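Keep the 3D view open as you read.

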Amino acid sequence: MVLRNSKWSLWALALLTLVLISNVLLYQPLVQQVLAIKLESGVVLGSLVDLVIISPALAYAAFKVSKKQAVGFVVFGLVMARVIIPEEFFAPYTLLLYFGISSEALFFLAELGLIFLLLKRIPVIRAEMRSTRTGPIFSFLPAVERKVSRLPLIRIVASEILMVYYAIFSWRKKAPTHKRVVTMHHKTSAIAMNIMLIHAVAIETIGLHWWLHSKIPVLSFILLILNMYSILLILAEIQITRLHPFEVKNGSLHIAQGLRHRLILPLSNIKRMEWGEKKPSKGTMIFMQKDFEEIHPQVFLVLKEPVEATLFMGRKEEVSKVALRVDDPEKLKELFKQNEESA
């Protein structure tokens with residue numbers, strides 16, 4: 001979950017934390033004894049209002065969540081109420097808990113059906129991707145959204161499929177080398193840093209798993225799965241960095257920063273270009289590979305109209321300013337100049 005870009009989001013998060021902690025403490029015997037609190041039906045009803053209505057509303061105000069996720073907060077509030085409220089006081093509201101869980105289960109089954117539909121329509125999605133003549137990083141998720149659904153769960157599953165594809169099945173692919181391509185990583189340490197991360201995660205996995213396995217087997221297994229996922233994610237980042245340089249194609253810029261964010265930007269939507277290395281301002285989407293030394297973007301593209309960028313796990317964001325750093329800025333200038341002359 002990501003906090004909303006609002007000054008009120010932090011206040012909402014603070015109030016949410018206060019509401020949850022106060023309700024948990026309310027049902028602790030020691031707290032009841034110290035504060036001389038006597039549990040009554042009115043107190044329990046107040047807790048239900050806090051957990052089922054107030055807390056989801058605060059969570060919705062604090063985080064960028066959909067209405068469907070907000071409903072999930074309501075069900076989570078009911079489950080939390082069942083856990084912290086003594087059974088004799090919660091008994092009159094048990095039917096409400098069953099109704100909430102059943103509703104969430106129906107939503108889950110419907111989304112599970114969409115996942116099966118996604119897998120079934122893979123051939124149709126591949127045909128749709130081929131028609132766009134762009135790489136999977138740019139074409140797969142839009143094809144899924146057109147042929148299956150735009151629901152957050154489907155976008156997350158599609159993003160995970162994309163990660164597995166690049167981490168395992170893309171090693172025979174070659175990066176484009178035509179005249180309208182400018183690489184972004186050759187003069188940085190991006191690939192080397194990712195390889196170092198893989199070594200660090202692998203060493204940590206072996207050592208920590210060996211130590212934890214005899215003490216806490218469940219935790220050891222969870223950490224093993226998370227570390228394997230991390231390695232796949234880093235491998236996918238390496239492949240996307242290698243296979244998708246900055247590219248001008250079909251009148252648009254195709255830019256990808258691993259799985260973190262990618263963008264197809266029509267050249268005609270560029271209002272002006274600001275050349276010169278400087279720190280980007282807030283709200284600027286940066287496409288720049290990592291390096292051991294501090295580096296800054298070389299050019300800032302101010303757009304006429306905001307465009308939609310795709311972020312990690314398929315999230316969407318409107319972008320009105322883009323910052324770039326490439327290996328050959330002079331070649332990039334020439335590409336922009338050719339576009340202006342042809343326009």
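Start inside, with the second largest cavity, which has a volume of about 30 Å³. A cavity here is a set of points, on a 1 Å grid over the protein atoms alone, where a 1.4 Å probe fits but cannot get out, and lining residues have an atom within 4 Å of a point. Grid points are joined across faces, edges and corners, and a volume is the space filled by probe spheres set on the points. Before going further, note that this is a predicted model, where local features need pLDDT of at least 70, side-chain atom pairs count only at pLDDT 80 or more, and totals for chains, interfaces and linings use all residues. Residues are numbered from 1 along each chain as its sequence is written, and side-chain values use heavy atoms, with hydrogens and water left out.

Which residues line the second largest cavity? They are Ser159, Glu160, Met163, Leu259, Arg262, Phe312 and Met313. By class that lining has 4 nonpolar, 1 polar and 2 charged residues (Ala, Val, Leu, Ile, Met, Phe, Trp, Tyr, Cys and Pro count as nonpolar, Asp, Glu, Lys and Arg as charged, and the others, Gly among them, as polar). Helix α9 gives the most to it, with 3 residues. Helices (H or I, at least four residues) are DSSP runs, numbered from the N terminus.

Three of those lining residues, Met163, Leu259 and Phe312, turn up again as the residues touched by Leu233, not counting residues up to four places away in sequence. Contact means heavy atoms within 4.5 Å. Leu233 itself lies in helix α11 (residues 217-243). The C-alpha atoms of Leu233 and Leu259 are separated by 8.4 Å, with the two residues 26 apart along the chain.

That brings us to how the helices pack. Two packed helices are described by the angle between their axes and the distance between the axes. Axes are lines fitted to C-alpha atoms, for helices over the stretch in contact, and angles run from 0 to 180 degrees between N-to-C directions.

Take α9 and α11: their axes come within 7 Å and cross at roughly 70 degrees. That makes α9 roughly perpendicular to α11 (angles under 35 degrees count as roughly parallel, over 145 as roughly antiparallel, 65 to 115 as roughly perpendicular and the rest as oblique). On the α9 side the contact involves Glu160, Met163, Tyr166, Ala167 and Ile168, while α11 brings residues including Tyr229, Leu233, Ala236 and Leu243. By class this contact has 11 nonpolar, 1 polar and 1 charged residues.

Now look at α9 (residues 152-169) against α8 (residues 136-147), where the axes come within 10 Å and cross at roughly 150 degrees. That makes α8 roughly antiparallel to α9. The crossing is right-handed; a crossing is left-handed if the near helix is turned anticlockwise from the far one by less than a right angle, and right-handed if clockwise. Among the contact residues are Pro136, Phe140 and Val144 of α8 and Ala158, Leu162 and Tyr165 of α9. The residues of this contact divide into 11 nonpolar, no polar and 2 charged.

On its other partner, α7, helix α8 packs at an angle of about 130 degrees, with the axes 9 Å apart. The two are therefore oblique to each other, and α7 passes α8 in a right-handed crossing. Val124, Ile125, Glu128, Met129 and Thr132 of α7 make the contact, with Pro136, Phe140 and Lys147 among the α8 residues. This contact divides into 7 nonpolar, 2 polar and 3 charged residues.

A pocket is an open set of points with protein on both sides within 12 Å along at least five of seven lines. Of its 14 lining residues, the closest to the centre are Arg126, Met129, Pro136, Phe140 and Tyr165. Helices α7 (122-132), α8 and α9 each supply at least two lining residues, and α7 gives the most, with 5. The lining divides into 8 nonpolar, 3 polar and 3 charged residues.
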